[in-house]
Amino acid sequence: EGDRPRLMEAHARLDAAENAPQSFTLDNVCLRARDGTPRWVSLMFSRLFPDRSMPRLIVCVNTTERKQVELERQAFEARMQQAQKIESLGLMAGGVAHDFNNLLMIILGHAELAGASLTPSSAAWESFKEIQDAANRAAELAQQMLAYSGKGAFVVRPVDLSALVRGLGQLLEATVSRNAMMRYELAPELPPIRADVTQIQQVVMNLITNASEALGDGRGVITLRTSVVEIGAADLRNFAPCEPAASGRFVLLEVSDTGCGMDGPTVSRIFDPFFTTKFTGRGLGLAATLGIVRGHGGGLQVVSGLGQGTTFRLVFPAVAAEAPTVRAEPQSSRGKKRAAIILVVDDERGVREAAARMLGQSGFTVLTAADGPEALEVLQKKGKAIDVVLLDLTMPSMNGEETCAAIRALQPDLPVLFMSGYSRPEAGGRPEADGKSNFLQKPFTISSLRDRIDTLIS
(Lines give C-alpha, C1' and ligand atoms only; values in the text may rest on other atoms or scores of the structure.)
Protein backbone atom coordinates (compact mmCIF):
# COMPACT_ATOMS: atom_id res chain seq x y z
CA GLU A 1 0.00 0.00 0.00
CA GLY A 2 2.82 2.40 0.79
CA ASP A 3 4.23 2.00 -2.74
CA ARG A 4 0.90 2.47 -4.57
CA PRO A 5 1.77 6.10 -5.54
CA ARG A 6 5.03 4.89 -7.10
CA LEU A 7 3.15 2.34 -9.23
CA MET A 8 0.59 4.90 -10.35
CA GLU A 9 3.42 7.28 -11.23
CA ALA A 10 5.07 4.53 -13.32
CA HIS A 11 1.94 3.95 -15.37
CA ALA A 12 1.49 7.70 -15.86
CA ARG A 13 5.08 7.92 -17.04
CA LEU A 14 4.41 5.25 -19.67
CA ASP A 15 1.27 7.05 -20.81
CA ALA A 16 3.17 10.31 -21.16
CA ALA A 17 5.95 8.78 -23.26
CA GLU A 18 5.69 9.97 -26.85
CA ASN A 19 8.08 7.54 -28.47
CA ALA A 20 8.40 3.79 -28.09
CA PRO A 21 10.17 1.82 -26.85
CA GLN A 22 10.01 3.23 -23.31
CA SER A 23 11.18 1.25 -20.26
CA PHE A 24 12.40 1.86 -16.70
CA THR A 25 12.78 -0.01 -13.44
CA LEU A 26 11.44 0.54 -9.94
CA ASP A 27 13.57 -1.09 -7.23
CA ASN A 28 12.53 -2.01 -3.69
CA VAL A 29 8.79 -1.94 -4.31
CA CYS A 30 6.94 -3.32 -1.28
CA LEU A 31 3.91 -5.49 -2.02
CA ARG A 32 1.68 -7.40 0.35
CA ALA A 33 1.12 -11.11 0.01
CA ARG A 34 -2.34 -12.55 0.62
CA ASP A 35 -1.37 -13.40 4.19
CA GLY A 36 -0.33 -9.77 4.77
CA THR A 37 3.43 -10.36 4.89
CA PRO A 38 5.58 -7.83 2.99
CA ARG A 39 7.35 -8.84 -0.22
CA TRP A 40 9.93 -6.72 -2.02
CA VAL A 41 10.26 -6.79 -5.79
CA SER A 42 11.96 -4.96 -8.63
CA LEU A 43 9.56 -4.04 -11.45
CA MET A 44 10.62 -3.28 -15.03
CA PHE A 45 7.95 -1.40 -16.97
CA SER A 46 8.08 -1.36 -20.80
CA ARG A 47 5.86 -0.03 -23.62
CA LEU A 48 7.14 -1.64 -26.77
CA PHE A 49 4.79 0.00 -29.30
CA PRO A 50 3.89 3.61 -30.00
CA ASP A 51 0.19 2.83 -29.67
CA ARG A 52 -0.65 3.54 -26.04
CA SER A 53 -3.56 1.12 -26.17
CA MET A 54 -1.20 -1.80 -26.78
CA PRO A 55 -0.38 -4.07 -23.81
CA ARG A 56 2.52 -3.14 -21.57
CA LEU A 57 5.23 -5.48 -20.43
CA ILE A 58 5.93 -5.67 -16.69
CA VAL A 59 8.77 -7.91 -15.47
CA CYS A 60 8.72 -8.68 -11.73
CA VAL A 61 11.81 -9.96 -9.88
CA ASN A 62 11.40 -11.11 -6.28
CA THR A 63 14.09 -9.37 -4.16
CA THR A 64 12.62 -10.16 -0.73
CA GLU A 65 15.56 -12.25 0.45
CA ARG A 66 18.07 -9.61 -0.58
CA LYS A 67 15.99 -6.87 1.06
CA GLN A 68 15.70 -8.83 4.30
CA VAL A 69 19.48 -9.26 4.41
CA GLU A 70 19.85 -5.51 3.88
CA LEU A 71 17.32 -4.72 6.63
CA GLU A 72 19.09 -7.08 9.04
CA ARG A 73 22.39 -5.38 8.24
CA GLN A 74 20.87 -1.95 8.85
CA ALA A 75 19.34 -3.14 12.14
CA PHE A 76 22.70 -4.59 13.23
CA GLU A 77 24.48 -1.33 12.38
CA ALA A 78 21.85 0.63 14.31
CA ARG A 79 22.33 -1.64 17.35
CA MET A 80 26.11 -1.25 17.12
CA GLN A 81 25.81 2.55 16.89
CA GLN A 82 23.46 2.57 19.89
CA ALA A 83 25.82 0.33 21.87
CA GLN A 84 28.80 2.54 21.01
CA LYS A 85 26.83 5.64 22.00
CA ILE A 86 25.85 4.07 25.33
CA GLU A 87 29.43 2.96 25.96
CA SER A 88 30.83 6.40 25.12
CA LEU A 89 28.30 8.19 27.31
CA GLY A 90 28.97 5.67 30.08
CA LEU A 91 32.72 6.28 29.94
CA MET A 92 32.16 10.02 30.02
CA ALA A 93 29.68 9.82 32.92
CA GLY A 94 32.00 7.54 34.90
CA GLY A 95 34.98 9.81 34.35
CA VAL A 96 33.04 12.94 35.31
CA ALA A 97 31.65 11.24 38.43
CA HIS A 98 35.15 10.08 39.42
CA ASP A 99 36.59 13.61 39.17
CA PHE A 100 33.48 15.01 40.82
CA ASN A 101 33.92 12.68 43.80
CA ASN A 102 37.55 13.75 44.19
CA LEU A 103 36.41 17.38 44.43
CA LEU A 104 33.64 16.44 46.85
CA MET A 105 36.21 14.59 48.96
CA ILE A 106 38.04 17.88 49.45
CA ILE A 107 34.83 19.86 50.10
CA LEU A 108 33.20 17.39 52.47
CA GLY A 109 36.45 16.47 54.20
CA HIS A 110 37.35 20.05 55.06
CA ALA A 111 33.72 20.88 55.88
CA GLU A 112 33.62 18.07 58.42
CA LEU A 113 36.96 19.15 59.87
CA ALA A 114 35.72 22.74 60.16
CA GLY A 115 32.40 21.60 61.62
CA ALA A 116 34.19 19.77 64.42
CA SER A 117 35.23 23.14 65.87
CA LEU A 118 31.73 24.63 65.62
CA THR A 119 28.66 24.35 67.83
CA PRO A 120 25.01 24.78 66.84
CA SER A 121 25.08 28.20 68.52
CA SER A 122 27.98 29.35 66.34
CA ALA A 123 27.29 32.07 63.77
CA ALA A 124 28.85 29.88 61.05
CA TRP A 125 26.88 26.73 61.94
CA GLU A 126 24.02 27.28 59.48
CA SER A 127 26.42 28.04 56.63
CA PHE A 128 28.42 24.93 57.47
CA LYS A 129 25.27 22.77 57.39
CA GLU A 130 24.19 24.24 54.03
CA ILE A 131 27.61 23.47 52.52
CA GLN A 132 27.52 19.94 53.89
CA ASP A 133 23.94 19.25 52.70
CA ALA A 134 24.65 20.61 49.20
CA ALA A 135 27.82 18.53 48.92
CA ASN A 136 25.93 15.40 50.02
CA ARG A 137 23.29 16.03 47.33
CA ALA A 138 26.08 16.43 44.79
CA ALA A 139 27.52 13.10 45.96
CA GLU A 140 24.12 11.46 45.33
CA LEU A 141 24.14 12.91 41.79
CA ALA A 142 27.61 11.46 41.26
CA GLN A 143 26.27 8.08 42.40
CA GLN A 144 23.55 8.26 39.73
CA MET A 145 26.19 9.04 37.12
CA LEU A 146 28.24 6.06 38.29
CA ALA A 147 25.13 3.90 38.10
CA TYR A 148 24.62 4.98 34.48
CA SER A 149 28.25 4.18 33.67
CA GLY A 150 27.91 0.70 35.19
CA LYS A 151 30.47 1.50 37.90
CA GLY A 152 27.98 1.96 40.72
CA ALA A 153 28.50 0.50 44.16
CA PHE A 154 27.28 -3.11 44.11
CA VAL A 155 27.08 -5.35 47.16
CA VAL A 156 25.84 -8.48 45.44
CA ARG A 157 24.18 -11.53 46.92
CA PRO A 158 21.58 -14.07 45.72
CA VAL A 159 18.22 -12.29 45.36
CA ASP A 160 14.71 -13.64 44.72
CA LEU A 161 13.30 -11.02 42.35
CA SER A 162 9.67 -11.90 43.11
CA ALA A 163 10.27 -11.53 46.85
CA LEU A 164 12.05 -8.22 46.31
CA VAL A 165 9.16 -6.78 44.28
CA ARG A 166 6.60 -8.16 46.73
CA GLY A 167 8.46 -6.52 49.61
CA LEU A 168 8.30 -3.17 47.80
CA GLY A 169 4.53 -3.43 47.29
CA GLN A 170 3.40 -0.96 49.95
CA LEU A 171 6.02 1.60 48.93
CA LEU A 172 5.18 1.21 45.24
CA GLU A 173 1.47 1.72 45.80
CA ALA A 174 2.19 4.86 47.80
CA THR A 175 4.31 6.18 44.91
CA VAL A 176 1.88 5.82 42.00
CA SER A 177 -1.02 8.01 41.02
CA ARG A 178 -4.32 7.49 42.87
CA ASN A 179 -5.94 6.57 39.57
CA ALA A 180 -3.43 3.78 38.90
CA MET A 181 -4.23 0.19 39.77
CA MET A 182 -1.25 -2.03 40.59
CA ARG A 183 -1.31 -5.61 39.33
CA TYR A 184 1.24 -8.23 40.42
CA GLU A 185 1.95 -11.41 38.46
CA LEU A 186 4.97 -12.70 40.36
CA ALA A 187 6.25 -16.21 39.67
CA PRO A 188 6.88 -18.35 42.77
CA GLU A 189 10.19 -20.11 43.41
CA LEU A 190 12.23 -18.12 40.94
CA PRO A 191 15.92 -19.03 40.60
CA PRO A 192 18.02 -16.32 42.28
CA ILE A 193 19.98 -13.61 40.53
CA ARG A 194 23.22 -12.12 41.85
CA ALA A 195 22.28 -8.54 42.54
CA ASP A 196 22.60 -5.53 44.78
CA VAL A 197 19.23 -5.23 46.52
CA THR A 198 19.36 -1.44 46.85
CA GLN A 199 20.23 -0.95 43.18
CA ILE A 200 17.49 -3.29 41.93
CA GLN A 201 15.00 -1.55 44.21
CA GLN A 202 16.04 1.73 42.59
CA VAL A 203 15.43 0.21 39.15
CA VAL A 204 11.91 -0.92 40.11
CA MET A 205 11.08 2.44 41.66
CA ASN A 206 12.36 4.32 38.57
CA LEU A 207 10.23 2.20 36.24
CA ILE A 208 7.13 2.47 38.42
CA THR A 209 7.53 6.25 38.66
CA ASN A 210 7.76 6.53 34.87
CA ALA A 211 4.75 4.25 34.42
CA SER A 212 2.69 6.34 36.85
CA GLU A 213 3.66 9.57 35.05
CA ALA A 214 2.73 7.98 31.71
CA LEU A 215 -0.82 7.47 33.03
CA GLY A 216 -1.09 11.16 33.90
CA ASP A 217 -4.44 12.06 35.45
CA GLY A 218 -6.26 9.24 33.71
CA ARG A 219 -7.10 5.80 35.04
CA GLY A 220 -4.87 2.91 34.10
CA VAL A 221 -3.11 -0.27 35.12
CA ILE A 222 0.54 -0.83 36.02
CA THR A 223 1.56 -4.48 35.89
CA LEU A 224 4.67 -6.05 37.43
CA ARG A 225 5.45 -9.53 36.16
CA THR A 226 8.32 -11.92 36.90
CA SER A 227 9.19 -15.23 35.27
CA VAL A 228 12.11 -17.42 34.26
CA VAL A 229 12.90 -17.60 30.53
CA GLU A 230 15.37 -19.24 28.18
CA ILE A 231 16.76 -16.69 25.71
CA GLY A 232 18.85 -17.63 22.71
CA ALA A 233 21.57 -15.55 21.09
CA ALA A 234 19.28 -14.24 18.33
CA ASP A 235 16.57 -13.02 20.72
CA LEU A 236 19.10 -11.63 23.19
CA ARG A 237 20.18 -9.07 20.58
CA ASN A 238 16.91 -7.27 21.33
CA PHE A 239 18.01 -6.66 24.92
CA ALA A 240 20.54 -3.84 25.27
CA PRO A 241 23.33 -4.07 26.23
CA CYS A 242 23.47 -7.90 26.49
CA GLU A 243 26.04 -9.84 24.52
CA PRO A 244 24.63 -12.68 22.37
CA ALA A 245 27.25 -15.02 23.86
CA ALA A 246 25.51 -14.62 27.23
CA SER A 247 22.43 -16.56 26.09
CA GLY A 248 20.87 -19.02 28.51
CA ARG A 249 18.54 -18.94 31.51
CA PHE A 250 17.35 -15.54 32.71
CA VAL A 251 14.96 -14.10 35.25
CA LEU A 252 12.57 -11.67 33.56
CA LEU A 253 11.04 -8.57 35.14
CA GLU A 254 8.33 -6.77 33.17
CA VAL A 255 6.86 -3.40 34.11
CA SER A 256 4.03 -2.36 31.80
CA ASP A 257 1.50 0.45 31.82
CA THR A 258 -1.59 1.40 29.85
CA GLY A 259 -0.49 5.02 29.54
CA CYS A 260 0.18 7.38 26.67
CA GLY A 261 3.09 5.41 25.20
CA MET A 262 6.01 6.78 23.18
CA ASP A 263 6.89 7.15 19.53
CA GLY A 264 10.04 5.66 17.99
CA PRO A 265 12.27 8.76 18.25
CA THR A 266 11.42 9.15 21.94
CA VAL A 267 12.12 5.47 22.69
CA SER A 268 15.51 5.80 21.00
CA ARG A 269 16.52 8.61 23.38
CA ILE A 270 14.97 7.76 26.75
CA PHE A 271 18.23 6.32 28.13
CA ASP A 272 20.33 9.35 27.18
CA PRO A 273 21.49 11.22 30.29
CA PHE A 274 19.30 14.26 31.01
CA PHE A 275 16.91 13.55 28.12
CA THR A 276 13.40 14.00 29.47
CA THR A 277 9.87 14.72 28.35
CA LYS A 278 9.24 16.17 31.83
CA PHE A 279 10.41 19.48 33.24
CA THR A 280 14.06 20.55 33.11
CA GLY A 281 16.21 18.92 35.77
CA ARG A 282 14.87 15.41 35.29
CA GLY A 283 16.36 12.74 33.07
CA LEU A 284 18.83 10.55 35.01
CA GLY A 285 16.36 7.91 36.24
CA LEU A 286 16.25 5.72 33.13
CA ALA A 287 19.90 6.41 32.33
CA ALA A 288 20.81 5.11 35.79
CA THR A 289 18.47 2.15 35.28
CA LEU A 290 20.30 1.09 32.13
CA GLY A 291 23.65 1.43 33.89
CA ILE A 292 22.50 -0.70 36.83
CA VAL A 293 21.18 -3.39 34.48
CA ARG A 294 24.48 -3.32 32.56
CA GLY A 295 26.44 -3.58 35.81
CA HIS A 296 24.48 -6.72 36.71
CA GLY A 297 25.20 -8.39 33.36
CA GLY A 298 21.57 -8.06 32.28
CA GLY A 299 19.65 -6.54 29.42
CA LEU A 300 16.67 -4.29 28.80
CA GLN A 301 14.05 -4.03 26.06
CA VAL A 302 11.37 -1.37 25.56
CA VAL A 303 8.14 -1.94 23.66
CA SER A 304 5.96 1.13 23.22
CA GLY A 305 3.68 2.99 20.83
CA LEU A 306 1.66 6.19 21.00
CA GLY A 307 -1.61 5.43 22.73
CA GLN A 308 -0.57 1.79 23.28
CA GLY A 309 1.23 1.97 26.62
CA THR A 310 4.79 0.93 27.39
CA THR A 311 6.45 -2.27 28.56
CA PHE A 312 9.97 -2.46 30.00
CA ARG A 313 11.39 -5.99 29.92
CA LEU A 314 14.52 -6.57 32.03
CA VAL A 315 16.47 -9.83 32.10
CA PHE A 316 19.12 -10.89 34.63
CA PRO A 317 21.24 -14.07 34.45
CA ALA A 318 19.84 -16.78 36.72
CA VAL A 319 22.31 -18.46 39.09
CA ALA A 320 22.31 -21.50 41.33
CA ALA A 321 21.21 -20.90 44.91
CA GLU A 322 24.05 -20.20 47.34
CA ALA A 323 24.24 -21.22 50.96
CA PRO A 324 24.36 -18.17 53.25
CA THR A 325 27.71 -17.43 54.82
CA VAL A 326 28.30 -15.94 58.23
CA ARG A 327 31.14 -13.48 58.57
CA ALA A 328 32.66 -12.82 61.95
CA GLU A 329 32.67 -9.19 62.98
CA PRO A 330 36.20 -7.87 63.47
CA GLN A 331 37.11 -7.01 67.02
CA SER A 332 37.96 -3.38 67.65
CA SER A 333 41.47 -2.45 68.67
CA ARG A 334 41.21 1.18 69.71
CA GLY A 335 44.43 1.21 71.68
CA LYS A 336 46.55 0.00 68.75
CA LYS A 337 44.77 2.33 66.34
CA ARG A 338 45.74 5.46 68.25
CA ALA A 339 49.43 4.60 67.88
CA ALA A 340 49.17 3.60 64.22
CA ILE A 341 51.12 5.28 61.41
CA ILE A 342 49.17 5.72 58.17
CA LEU A 343 50.73 6.40 54.75
CA VAL A 344 48.33 8.38 52.50
CA VAL A 345 49.05 8.01 48.75
CA ASP A 346 47.06 10.16 46.29
CA ASP A 347 48.13 12.26 43.29
CA GLU A 348 45.45 14.89 44.07
CA ARG A 349 47.03 17.26 46.56
CA GLY A 350 43.69 18.46 47.94
CA VAL A 351 42.45 14.92 48.54
CA ARG A 352 45.79 13.91 50.09
CA GLU A 353 45.76 16.84 52.51
CA ALA A 354 42.09 16.39 53.46
CA ALA A 355 42.59 12.67 54.19
CA ALA A 356 45.74 13.41 56.19
CA ARG A 357 43.94 15.99 58.33
CA MET A 358 40.99 13.63 58.89
CA LEU A 359 43.37 10.90 60.06
CA GLY A 360 45.34 13.32 62.19
CA GLN A 361 42.18 14.49 63.94
CA SER A 362 41.42 10.84 64.72
CA GLY A 363 44.73 10.44 66.50
CA PHE A 364 46.81 8.74 63.82
CA THR A 365 50.34 9.66 62.77
CA VAL A 366 50.26 10.46 59.05
CA LEU A 367 52.83 10.32 56.24
CA THR A 368 51.97 11.30 52.65
CA ALA A 369 53.13 10.46 49.12
CA ALA A 370 52.05 11.96 45.80
CA ASP A 371 52.31 8.76 43.74
CA GLY A 372 53.35 5.10 43.75
CA PRO A 373 57.14 5.56 43.38
CA GLU A 374 57.21 8.13 46.21
CA ALA A 375 55.16 5.75 48.39
CA LEU A 376 57.71 2.97 47.82
CA GLU A 377 60.53 5.34 48.80
CA VAL A 378 58.75 6.15 52.07
CA LEU A 379 58.20 2.46 52.79
CA GLN A 380 61.85 1.64 52.17
CA LYS A 381 62.90 4.40 54.60
CA LYS A 382 60.34 3.69 57.32
CA GLY A 383 60.45 -0.09 57.09
CA LYS A 384 57.77 -1.81 59.18
CA ALA A 385 56.85 1.29 61.15
CA ILE A 386 53.90 1.93 58.82
CA ASP A 387 50.70 0.14 59.87
CA VAL A 388 48.31 0.89 56.97
CA VAL A 389 48.57 2.40 53.49
CA LEU A 390 45.61 4.51 52.31
CA LEU A 391 46.03 4.15 48.55
CA ASP A 392 44.25 5.84 45.64
CA LEU A 393 43.42 3.49 42.76
CA THR A 394 43.65 5.97 39.88
CA MET A 395 47.10 7.58 39.65
CA PRO A 396 49.59 8.34 36.85
CA SER A 397 52.83 6.38 36.33
CA MET A 398 51.75 3.62 38.76
CA ASN A 399 48.08 3.00 39.48
CA GLY A 400 46.81 1.66 42.77
CA GLU A 401 46.88 -2.00 41.77
CA GLU A 402 50.49 -1.75 40.54
CA THR A 403 51.54 0.16 43.64
CA CYS A 404 49.89 -2.42 45.88
CA ALA A 405 51.74 -5.24 44.11
CA ALA A 406 55.04 -3.42 44.70
CA ILE A 407 54.11 -2.85 48.36
CA ARG A 408 53.33 -6.55 48.76
CA ALA A 409 56.78 -7.37 47.38
CA LEU A 410 58.33 -5.25 50.15
CA GLN A 411 55.91 -6.05 52.98
CA PRO A 412 53.52 -8.93 52.17
CA ASP A 413 51.37 -8.45 55.27
CA LEU A 414 51.01 -4.66 55.21
CA PRO A 415 47.27 -3.74 55.17
CA VAL A 416 46.15 -1.55 52.25
CA LEU A 417 42.96 0.54 52.22
CA PHE A 418 42.09 1.41 48.62
CA MET A 419 40.12 4.58 47.88
CA SER A 420 38.63 5.82 44.63
CA GLY A 421 36.12 8.18 43.09
CA TYR A 422 34.69 5.07 41.42
CA SER A 423 32.56 2.76 43.48
CA ARG A 424 34.66 -0.33 42.91
CA PRO A 425 38.04 -0.81 41.26
CA GLU A 426 37.60 -1.90 37.66
CA ALA A 427 40.73 -4.04 37.93
CA GLY A 428 41.30 -6.53 40.68
CA GLY A 429 37.65 -7.20 41.55
CA ARG A 430 37.00 -6.94 45.29
CA PRO A 431 40.23 -5.70 46.92
CA GLU A 432 39.12 -6.83 50.38
CA ALA A 433 38.96 -10.47 49.29
CA ASP A 434 42.52 -11.22 50.47
CA GLY A 435 41.77 -10.15 54.06
CA LYS A 436 44.62 -7.63 54.04
CA SER A 437 42.86 -4.99 51.96
CA ASN A 438 39.64 -3.03 51.95
CA PHE A 439 37.92 -0.38 49.86
CA LEU A 440 36.48 3.05 50.62
CA GLN A 441 34.70 5.21 48.10
CA LYS A 442 35.24 8.94 47.93
CA PRO A 443 33.86 11.13 49.35
CA PHE A 444 34.03 9.53 52.80
CA THR A 445 33.52 10.75 56.34
CA ILE A 446 35.95 10.75 59.25
CA SER A 447 33.99 7.99 61.00
CA SER A 448 33.90 5.69 57.94
CA LEU A 449 37.62 6.19 57.36
CA ARG A 450 38.39 5.53 61.02
CA ASP A 451 36.23 2.37 61.02
CA ARG A 452 37.96 0.91 57.93
CA ILE A 453 41.39 1.61 59.37
CA ASP A 454 40.29 0.05 62.65
CA THR A 455 39.11 -3.07 60.80
CA LEU A 456 42.44 -3.52 59.03
CA ILE A 457 44.66 -3.19 62.10
CA SER A 458 42.45 -5.09 64.53
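A salt bridge is a side-chain nitrogen of Lys or Arg within 4 Å of a carboxyl oxygen of Asp or Glu. By this criterion, the side chains of Arg225 and Glu185 meet in a salt bridge, at 2.7 Å from N to O. The model is predicted, so local features need pLDDT of at least 70 and side-chain atom pairs count only at pLDDT 80 or more, while totals for chains, interfaces and linings use all residues. Residues are numbered from 1 along each chain as its sequence is written, and side-chain values use heavy atoms, with hydrogens and water left out.

A search of the whole structure finds six salt bridges. Strands (E, at least two residues) and helices (H or I, at least four) are DSSP runs, numbered from the N terminus. Arg225 is partly exposed at 27% relative accessibility, and Glu185 is partly exposed at 33%. Here buried means under 20% relative accessible area, exposed over 50%, and partly exposed in between (1.4 Å probe, protein chains only).

Arg313 and Glu254 also form a salt bridge, at 2.8 Å from N to O. Arg313 lies in strand E10 (residues 310–317) and Glu254 in strand E8 (residues 248–257), so this pair ties together parts that are 59 residues apart in sequence. Arg313 is partly exposed at 23%, whereas Glu254 is buried at 11%. Glu185, Arg225, Glu254 and Arg313 are linked in a network of salt bridges.

Another salt bridge joins the side chains of Lys442 and Asp346, at 2.9 Å from N to O. Lys442 lies in the loop between strand E15 (437–441) and H14, and Asp346 in the loop between strand E11 (341–345) and helix H11 (349–361), so the pair ties together parts that are 96 residues apart in sequence. Both Lys442 and Asp346 are buried.

Helix H14 (residues 446–457) has twelve residues. From first C-alpha to last it reaches 17 Å, close to the 16 Å expected at 1.5 Å a residue. The expected span is 1.5 Å times one less than the number of residues. The buried residues of H14 are Ile446, Leu449, Ile453, Asp454, Leu456 and Ile457. Seen down the helix axis, these residues fall within an arc of 165°, so they line one face of H14. The arc is that of the directions from the axis to the C-beta atoms.
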